[in-house]
Amino acid sequence: MAGSGRRPEHRGPPELFYDEAEARKYTQNSRVVEIQAQMSERAVELLGLPEDRACLLLDVGCGSGLSGDYISEEGHYWIGMDISPAMLDVALEREVEGDLLLADVGHGIPFRPGMFDGCISISAVQWLCNADKKSHSPPKRLYRFFSTLYTALARGSRAVLQLYPENSEQLELITAQAMRAGFTGGMVVDYPNSAKAKKFFLCLFVGTSGTLPKGLGTECANEEPHQAKFTNERTRFRNVKGKSVKKSRDWILEKKERRRRQGKEVRADTKYTGRKRRPRF
Amino acid sequence: MKLLTHNLLSSHVPGLRPGGGFPLRIELGHPSELPPEPVPDYEGDEEFLRRVHHVLLEVEVLEGSLQCPDSGRRFPISKGVPNMLLTEEEA
């Protein structure tokens, strides 16, 4: 993908980043499609919708409709909002079921009160944290987004927003504005110990104060509470530990520990671990 | 844009009166054939319900605009997608 390893949010506003070429590339990338489907599934799961009826959902930052397709598959209706005309064009080409709006959610959610049974957003909300224009104030835009979203949602419903926060300050800013707008709830983190698999879902409740669902992959975290690690890059950590000399016993032990934390199967550490082998080995 | 979506939309320009900005008036390039007032006791009328379902979920507005009843501000619709982007002064 464009600018691999760096955050797309640093390269400019979303309506320019997701131009025609990028929109096409994004939607055709099988890895992107798969990840978006997985995250959409998890987000809809976290919504806790009633099982017996079709619901009307709002998809914030719907893009080319990858997440919307999953909502339709589950038998629900949706209305999507996105700021990139190119992405919406791709959605129209793909003949998605939901209705689309060209809009900037930082300006507010243009719906009457209590219209939606739920809201999801996949990989979009962090774009609100960047001031792409001189007049932008990210906290103001975030508050406008959350307060109008709160109004547009029905009582007892939820908003589940998957996002890629750049650092803990961003996370705090987003959460604070959401709470100011009247939401309860908090952050659900799946696979907190895996750099690649870790995903953040901001789970917000309207009206009721429900219990926050548990993040996946947290059962093995039985030691002290972990600090959520943030990175300037969206995917892998690069120089996390400052390099132990490669292939030394320490490096091997660290690597095995890392893999254990990710839940992978690792042989036990013994006196033979990292032992110097005979030259013929 | 389906008419059901239109029923839910309201103008999000700040500073309107409470409950304002709704309903947005649909302006098409040509006269439409929307049904008149509902007859009393419409819940039992199958034919009417079928037509309402058709109008709400199967008729789409492709080109035209939505006009705010309070400010007169127009939101254009193109290829079925309403453009709700506000200028920086409005927001």
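Chain B and chain A bury about 2,000 Å² between them, and 62% of that lies on carbon and sulfur atoms; buried area here is the accessible area (1.4 Å probe) that two parts lose on being put together, summed over both. This is a predicted model, in which local features need pLDDT of at least 70, side-chain atom pairs count only at pLDDT 80 or more, and totals for chains, interfaces and linings use all residues. Residues are numbered from 1 along each chain as its sequence is written, chains are lettered from A in the order in which they are written, and side-chain values use heavy atoms, leaving out hydrogens and water.

**Where the chains meet**
- The contact (heavy atoms within 4.5 Å) draws 25 residues from chain A and 21 residues from chain B.
- Of the area that chain B buries against chain A, 31% comes from B:L8, B:H12 and B:E88, more than from any other three residues.
- Two salt bridges are found across the interface of chain B and chain A, each a side-chain nitrogen of Lys or Arg within 4 Å of a carboxyl oxygen of Asp or Glu.
- B:K2 forms a salt bridge with A:D99, with the closest N and O atoms 3.3 Å apart.

**A helix pair in chain A**
- Helix α2 (residues 20–28) and helix α5 (residues 85–93) of chain A pack at about 50 degrees, their axes 8 Å apart.
- On the α2(A) side, A:E20, A:A23, A:R24, A:Y26 and A:T27 meet A:A86, A:M87, A:V90 and A:E93 of α5(A).

Definitions and conventions:
Axes fitted to C-alpha atoms, helices over the stretch in contact; angles between N-to-C directions. Helix = DSSP H or I, 4+ residues; strand = E, 2+ residues; numbered from the N terminus.
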